[in-house]
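This report covers the fold, the core and the contacts of one model. The sequence and the structure come before the text.

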Amino acid sequence: MRRTMLFLPGNNPGMLGNGDVLGSDSIILDLEDAVSPDQKDSARILVRNALRDLHYEGCEIIIRINDLETPYWVEDLEAVLPLKPDVIMPTKVSGGAYIRRLADKMTEIEEKNGLEAGRTKLIPLLETTLGIENAFEIAKADPRMAALYLGAEDYTADLRCKRTKEGTEIFYARTRLVNAARAAGIDAYDTPWTDVADLEGLEKDALLAKSLGYTGKAVISPRHVDIVNEVFSPSEADIQYAREVFEAIEEGKRLGKGAVSLRGKMIDKPIVERARQVLENARAIYGGEF
Amino acid sequence: MSKLLGSIEEAIRATGLKDGMTVSFHHHLRSGDYVLNMVMDAIAKAGIKDITINASSIHEGHAPLVEHMRSGVVTGLETNFISTSVGKEISRGILKKPVIFRTHGGRPADLLNGRSHIDVAFIGAPTSDDMGNCTGKFGPSACGALGYAFTDAQVADKVVIITDNLVPYPLTDFSIPEIYADYVVKVDKIGDPKGIVSGTTRITKDPVALKIARLAVECIKASGLLKDGFAFQTGAGGASLAAAAYLKDVMLKEHIKGSYVMGGITGYLVDMLNAGCFESILDVQCFDLNAVESIRTNPRHQEVSDAQYASPGAKSCAVDGLSVVILGATEIDLDFNVNVHTDSNGYIMGGSGGHSDTAAGAKMAMIVTPLVRARIPIVTKKVQCISTPGSTIDVLVTQRGIAVNPARQDLLEKFKAAGLPVVTIEELYEKAMDIVGDYKPVQMGERVVADVVYRDGTVIDHIYQVED
């Protein structure tokens, strides 16, 4: 279950040391934009040591590596893959070939280190207009694909428009990306809210992403974690309704009914599927039986 | 009649101060204080030696004291807190006699019961009249409350009020009345306003401190103590102040009306008063300009003496009514003993202040601290120095879990029922060790450089010399 993916700069020991206590479902240890070129080596070593020595408890580890156009990405992979991170996040992904090239290199490094090939998944950052157009091709490019993730800052620069809080300019990208991800059977993650202090705006933006079908949202500040977690968690009412759906189905079976209704509405396949997802998410978030 | 003298030198002569005597100072002007340095320079100039200083706290601005110690003008120190510069020299053994560390409540108790004696009290006062009615609420060097000077004024053989804002007699809104004052001296400046109070105290943005603060407030909610009549104290730093901000939200949302809040007062606590979270503030010391403004204008913001704040010798004192206190620690051990006197290298860099007093008085005493601070584990097997006994500490809140003193099974049950991340303190220790690895304990020398006197007058620990 991944509602929040929190970015942590790979060159900040204090943040790396406490990454797992900030409430985020995943943490992204960033070797890319948060790290200046003259710090790339030290950040890579620091992230490698953090993976080796710290026990991140109850928190998925994602490593954002440098773009395949830079001289850093292979060294990034060689440093971190042997330590078995959950996910690699490549950036500026514009097509399936990019993913295949990266996945081949990952397999090579995994095999060299005696690891099961394919164990580390991929969540690429789609942040170019071409990447958005090729979203489905990217989503289907490799079995490692776990999700697509929209990066709106670079995308709007590529689109040659201003990034706004309302987000009208990224509406197409949001819907195209989530549709492609769902069509490929994987998750979709929304772009971060960049105004650290505007928590109301964050909540509105997260609710919009959720309403479009997104699984969760990346965050750039620990202050944003709780709000995004709450938005992407099933509400008590959702959980209650989902339980009632399954109770009604059981009751229908017991009575030998072909069609079952709940609260005056026929329970059809999509309703059952949605109820199943709600309970699955609730189990992942809160633990226990739902 | 006027008690006004022309200079500090004249006042020293008038008081009859001589070799071997004890002089006292308060710390309301904090790091901006000029008074202690001016008086000690004048004492040195007068050729007087072997002086003991009894000061409620020694701050960074008092670093010139080191030279007076080196030259033999100052040979003894009794205080509740020493910051880094002077602390380091004490730890290196600059004084032959061990420093006596008391608590904010223990100091007035010992002064009033005669265990400790002041020959001459020099009281810096932001405003005074020429008969010694004085206050900290007004004047260019306003510091708000003068709580730590009350007992000195009461018990010292001679009392000298030193002010930079002399007003016509009578000053009506006084804190300390003329009945205690022997002399008044007007100087150009008693302190640097920038060092006396900060403009505003800001809440930390450190996400780890904020997480600890949130957990602390969850503990307070789960304890059952957060109800009408709630009395609260918290510090001004790191997670402590952030906890106050979260607590304010909870109290307003749940319509809880607390009784009083106290401690070093900041604008955030003033906001809580004004928002209706508490009926009153009991203020022994102000930390920022908002607090100074509030004590000057709001009758529900009441100045109290050090004895009323925390003295175990008083017939009653305010710490005993506290529901919850949130405190910090430089170390806490597996028995919940807390060190706030020495740093990780064994150097003196603090002191109890009101730590032990509030921990003893409050129904729930909480330590909030990151588990590891800059590679130094805060939870240790044994603290270098016991400042506050573990028997008075109930809860430790870190970002990696909450440990409850085994003596407080009632709290443990409540926290578990509330689903809080409760662990044992041994587990926290293991987690800290897992992060920092084995470390070499500091080797201390054999000579005692300070005695830690608990609020009841017993020596509970010694601080040893650091060998460079």
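What distance separates the centres of domain 1 of chain A and domain 2 of chain A, taken over C-alpha atoms? The separation is 33 Å. The domain bounds come from an automatic or database domain assignment, and in chain A they are 4-231 for domain 1 and 236-286 for domain 2.

This is a predicted model, in which local features need pLDDT of at least 70, side-chain atom pairs count only at pLDDT 80 or more, and totals for chains, interfaces and linings use all residues. Residues are numbered from 1 along each chain as its sequence is written, while chains are lettered from A and ligands numbered from 1 in the order in which they are written.

**Domains**

Chain B is also divided, into domain 1 (4-56 + 104-196) and domain 2 (207-443).

| Chain | Domain 1 | Domain 2 | Distance between centres |
|---|---|---|---|
| A | 4-231 | 236-286 | 33 Å |
| B | 4-56 + 104-196 | 207-443 | 31 Å |

In chain B, the contact between the domains takes 19 residues from domain 1 and 23 residues from domain 2. Two residues are in contact if their C-beta atoms, placed from the backbone, lie within 7 Å. On the domain 1 side, α5 (106-113) and α6 (150-155) of chain B each supply at least two residues. The largest share of that side, 5 residues, comes from α5(B).

**Chain B as a whole**

Chain B has 15 helices and 26 strands. Helices (H or I, at least four residues) and strands (E, at least two) are DSSP runs, numbered from the N terminus. The C-alpha trace of chain B spans about 70 × 55 × 40 Å along its principal axes.

Of the 468 residues of chain B, 60% count as buried. A residue is buried if 20 or more other C-beta atoms lie within 10 Å of its own, exposed if 12 or fewer, and partly exposed in between, with C-beta atoms placed from the backbone. Among contacts in chain B with a separation of 6 or more, 74% are between residues 24 or more positions apart.

**Nonpolar cores**

In soluble globular proteins, nonpolar side chains tend to be buried together. A nonpolar core is here a set of buried Ala, Val, Leu, Ile, Met, Phe, Trp, Tyr and Cys residues joined through C-beta atoms within 7 Å. The largest one has 236 residues, and B:Ala216 and B:Met366 have the most contacts inside it. Helix α8 (residues 207-223) of chain B gives the largest share of this core, 11 residues. Another core, of 5 residues, lies apart from it and includes A:Ala242, A:Ala275, A:Val278 and A:Ala282.

Leaving aside neighbours within four places in sequence, B:Ala216 is in contact with B:Ala239, B:Ala243, B:Ile326, B:Met366, B:Val368 and B:Val397.

Buried positions in α15(B) are B:Ile425, B:Leu428, B:Tyr429 and B:Lys431. They lie on the same side of α15(B), because they cover an arc of only 160° around the axis. The arc is that of the directions from the helix axis to the C-beta atoms. The buried residues of α15(B) pack against β21 (379-380), β22 (395-398), β23 (401-404) and β24 (422-423) of chain B. B:Gly437 follows α15(B) and has a positive phi, near 75°.

In helix α7 (residues 152-159) of chain A, the buried residues are A:Ala152, A:Tyr155 and A:Thr156. Their arc around the axis is only 95°, which puts them on the same side of α7(A). The buried residues of α7(A) pack against α5 (129-133), β7 (147-150) and α8 (171-183) of chain A. Just after α7(A), A:Arg160 takes a positive phi of about 60°.

**Contact between the chains**

The contact between chain A and chain B takes 7 residues from each of them. On the chain B side, α8 and α15 give two or more residues, and α8(B) gives the most, with 3 residues.
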